[in-house]
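Thank you for making time this morning.

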Amino acid sequence: MAVDINKVLEQMIDYSEGNLHDIAHLVKVHSFAEQIGKLEHIPDDTQEILELAAIVHDIACPLCREKYGNTNGKYQEKEGGPLAREFLTGCGVPSDEVERVAYLVEHHHTYSPVDGLDYQILLEADFLVNADESHLGRESIEKMRDKVYRTDTGIRLLESMYLK
């Protein structure tokens with residue numbers, strides 16, 4: 001990987017200004033995304049984009065709280081792209097990667113059409129964390145598995161965590 005993912009993660013934690021919920025969420029989503037990507041043997045360049053997207057996927061949450069009073073997914077998608085572009089450019093991420101990551105941030109609450117494994121895995125990793133944080137019930141989790149999940153690793157993790 002050409003980008004120092006750990007450095008970007010550290011900078012995003014700093015960007016979060018001590019909001020422990022946001023920090024814990026991004027770290028957990030990144031961890032699941034990294035694991036799923038590696039176990040699904042995705043190409044290194046796709047893995048890098050996936051991990052960057054997992055780190056910044058909720059970059060708009062502070063702005064959305066201030067501007068809209070909540071962090072609704074559609075608001076995050078609307079506001080997140082420009083923030084991700086600025087942040088990642090400042091981290092020295094190549095422009096082609098910045099654009100793909102911004103696209104993923106702008107769509108991380110949109111479940112179809114999914115155009116790429118980076119997108120698919122980001123959705124799966126984010127839901128693994130959101131299901132717990134939102135205290136979702138078994139029926140909602142099963143529906144999400146059947147509707148959205150496509151990777152073998154993501155399905156195994158979801159079932160192991162929530163459907164045993």
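Please keep in mind throughout that what you see is a predicted model. Let us begin with the cavities, where the count comes to one cavity of 30 Å³ or more, and where the largest cavity holds about 100 Å³ of space.

Which residues line the largest cavity? They are Met 12, Tyr 15, Ser 16, Asp 22, His 25, Leu 26, Ala 54, Ile 55, His 57, Asp 58, Ile 59 and Pro 62, and by class they comprise seven nonpolar, three polar and two charged residues. Helix H1, helix H2 (20-39) and helix H3 each supply at least two residues of this lining, and H2 gives the most, with three.

Two of those helices are worth looking at as a pair. The axes of H1, which covers residues 5-15, and H3, which covers residues 44-56, come within 10 Å and cross at roughly 10 degrees. Since angles under 35 degrees count as roughly parallel, H1 is roughly parallel to H3. On the H1 side the contact is made by Ile 5, Val 8, Leu 9 and Met 12, and on the H3 side by Glu 48, Glu 51, Leu 52, Ile 55 and Val 56. Sorted by class, the residues of this contact are seven nonpolar, no polar and two charged.

Now let me move to the largest pocket, which holds about 160 Å³ of space. The pocket is lined by 13 residues, and His 21, Asp 58, Thr 71, Gln 76 and Asn 130 are those that lie nearest its centre. H2, helix H4 (61-68) and helix H7 (117-133) are the elements that give two or more residues to this lining, whose residues divide into one nonpolar, seven polar and five charged.

How many salt bridges does a search of the whole structure find? The search gives 13, and I will show you one of them, in which the side chains of Asp 22 and Arg 65 meet at 2.6 Å, N to O. Asp 22 lies in H2 and Arg 65 in H4, so the pair ties together parts that are 43 residues apart in sequence.

Finally, there are two details of the backbone. Glu 17, in the loop between H1 and H2, has a positive phi of about 50 degrees although it is not a glycine. Further along, a cis peptide bond joins Ser 112 and Pro 113, with omega about -5 degrees, and Pro 113 is found in the loop between helix H6 (95-105) and H7.

Note on methods
Residues numbered from 1 in each chain as written. Predicted model: local features only at pLDDT ≥ 70, side-chain atom pairs only at ≥ 80, totals over all residues. Heavy atoms only, no water. Axes fitted to C-alpha atoms, helices over the stretch in contact; angles between N-to-C directions. Helix = DSSP H or I, 4+ residues; strand = E, 2+ residues; numbered from the N terminus. Parallel < 35°, antiparallel > 145°, perpendicular 65-115°, else oblique. Contact = heavy atoms within 4.5 Å. Nonpolar A, V, L, I, M, F, W, Y, C, P; charged D, E, K, R; others polar. 1 Å grid on protein atoms, 1.4 Å probe; cavity = no way out; pocket = protein on both sides within 12 Å on 5 of 7 lines; lining within 4 Å. Points joined across faces, edges and corners; volume = space filled by probe spheres on them. Salt bridge = Lys/Arg side-chain N within 4 Å of Asp/Glu carboxyl O.
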